[in-house]
Amino acid sequence: YAVYPIIVDTVSGSRNILTLIDPEAVKPLMETIVPAGAPPDHVVRRCYRYVVTHFRYLPSPHLWPTIQQTLEQRSGDCKGLSLLLMSMLTAADIDASAEISNGHMWVRAAFNGTITILETDQTPERQAIYHSPGFYDRPLLRVTPNQTLRRIRKNKKLPH
């Protein structure tokens, strides 16, 4: 992966995707759903369960919402819900990134030496696609709290 800026369209215009990650905006929420001192696996499980049970999944392919918009609307698509979940995990000091491939976004969390994929789209028809072998492997784009990365294509050897 190499550093690669990602600019997205929001209601207020185009902006860097990193400006949509907002751990500060979710801190009050985090205090209500995760007990202080909870182990990382508990934090990840509670945050994930909260997002998929308290927010309605509504596909919206064009605009990227802010965390505030997602919280106010109590709904979002893979982009809005993944960035919300990533912001929550980041607020709890969990190593998290939002990953993008095939026009879809999900969250990757790393803790206790393990990697966990967190899928916010619970639609049964699309779950079959997401759970196909290799779907979550090697995403095209990775969004961390500090930088955005793009997968580097390996050079193919040319015949002599």
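When I speak of helices (H or I, at least four residues) and strands (E, at least two), I mean DSSP runs numbered from the N terminus, and the angles I quote run from 0 to 180 degrees between N-to-C directions, with axes taken as lines fitted to C-alpha atoms, for helices over the stretch in contact. Please keep in mind that this is a predicted model, in which local features need pLDDT of at least 70 and side-chain atom pairs count only at pLDDT 80 or more, while totals for chains, interfaces and linings use all residues. Residues are numbered from 1 along each chain as its sequence is written, and side-chain values use heavy atoms, with hydrogens and water left out.

Let me turn to the sheet itself. It is an open sheet of six strands in the order β1-β10-β9-β6-β7-β8, with antiparallel pairing, where two strands are said to pair if DSSP finds at least two bridges between them. Its edge strands, each pairing on one side only, are β1 (2–3) and β8. On this sheet packs α2, which touches β7 and β8 and whose direction makes about 160 degrees with that of β7; touching, or contact, here means heavy atoms within 4.5 Å.

Now to the pairings one by one. The antiparallel strands β6 and β9 are joined by three bridges, and E99 stands opposite R142 in β9. Between β6 and β7, again antiparallel, there are seven bridges, and A96 has A109 in β7 as its bridge partner.

How many of the eight residues of β7 are buried? Seven of them are, so β7 is largely enclosed by the rest of the structure; buried means under 20% relative accessible area, exposed means over 50%, and partly exposed is in between, with a 1.4 Å probe and protein chains only.

The turns on either side of β7 deserve a moment. The hairpin of β6 and β7 has two residues between the strands, and in it N102 takes a positive phi near 55 degrees, although N102 is not a glycine. As background, most residues other than glycine have a negative phi. N102 is also exposed, with a relative accessible area of 66%. In the hairpin of β7 and β8, which likewise has two residues between the strands, N112 takes a positive phi near 50 degrees. The loop between β7 and β8 also holds G113, which is exposed, with a relative accessible area of 84%, and whose C-alpha atom is separated by 33 Å from that of L58, 55 residues apart along the chain. Elsewhere, in the loop between α3 and β5 (75–76), R74 has a positive phi near 55 degrees and is partly exposed, with a relative accessible area of 33%.

Let us go back to the helices. α2 and α4 pack at an angle of about 150 degrees, with their axes 10 Å apart. That makes α2 roughly antiparallel to α4, since angles over 145 degrees count as roughly antiparallel, those under 35 as roughly parallel, 65 to 115 as roughly perpendicular and the rest as oblique. In this contact V43, V44, C47, Y48, Y50 and V51 of α2 meet L81, L84, L85, M88 and L89 of α4. For α1 and α2, the axes come within 11 Å and cross at roughly 110 degrees, and these two helices are therefore roughly perpendicular to each other. Here L29, M30 and I33 of α1 meet V43, R46, C47 and Y50 of α2.

Leaving aside neighbours within four places in sequence, M88 is in contact with V26, L29, M30, I33, C47, Y50 and V51.
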